[in-house]
Amino acid sequence: MSEKNLKERVLDQSAKDKKDIEDWMFGSGAKVLGAIVVLLGIWTIVRFFWS
């Protein structure tokens, strides 16, 4: 009985860890995309004023 509970607990924990990692990857991916958009915007403005 306790062995079964332990297995279930380990599976629950690894599923939770996997979800946390996916959430973190999604969040950091969004941050990277945002940074790229900001940099492209600044680059475009700088080129516009330089020309």
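Is Leu 39 buried or exposed? Before I answer, a word on the model: it is predicted, so that local features are taken only where pLDDT is at least 70 and side-chain atom pairs count only at pLDDT 80 or more, whereas totals for chains, interfaces and linings use all residues. Residues are numbered from 1 along each chain as its sequence is written, and side-chain values use heavy atoms, with hydrogens and water left out.

Leu 39 is exposed, with a relative accessible area of 58%, where exposed means over 50%, buried under 20% and partly exposed in between, computed with a 1.4 Å probe and protein chains only. Leu 39 belongs to helix H1, which covers residues 2-50; helices here are DSSP runs of H or I with at least four residues, numbered from the N terminus.

Together with Val 38, Ile 42, Val 46 and Trp 50, Leu 39 makes a nonpolar surface patch of about 560 Å². For such a patch, residues need over 30% relative accessible area and no salt bridge, and nonpolar side chains (Val, Leu, Ile, Met, Phe, Trp, Tyr) are joined within 5 Å, while like charges are joined within 9 Å. The areas come from the Shrake-Rupley method with a 1.4 Å probe, and for residues only the protein chains shown count as cover.

Let me turn to the salt bridges, of which there are two, each defined as a side-chain nitrogen of Lys or Arg within 4 Å of a carboxyl oxygen of Asp or Glu. In one of them, Asp 20 pairs with Lys 16, with the closest N and O atoms 3.5 Å apart, and these residues are separated by about one helical turn because they are four residues apart in helix H1. Asp 20 is partly exposed at a relative accessible area of 38%, and Lys 16 is likewise partly exposed, at 47%. In the other, Glu 22 pairs with Lys 18, the closest N and O atoms being 2.9 Å apart; both lie in helix H1, four residues apart, about one turn of the helix. Glu 22 is partly exposed, with a relative accessible area of 43%.

On the aromatic side, the count comes to one pair. Phe 48 and Phe 49 form this pair, which is edge-to-face, with 5.7 Å centre to centre and 75 degrees between the planes; the rule takes rings of Phe, Tyr and Trp (its six-membered ring) with centres within 6.5 Å, and counts planes under 30 degrees apart as stacked, over 60 as edge-to-face and the rest as tilted. Phe 48 is exposed at 63% relative accessible area, and Phe 49 is exposed at 65%.

Note on methods
Helix = DSSP H or I, 4+ residues; strand = E, 2+ residues; numbered from the N terminus.
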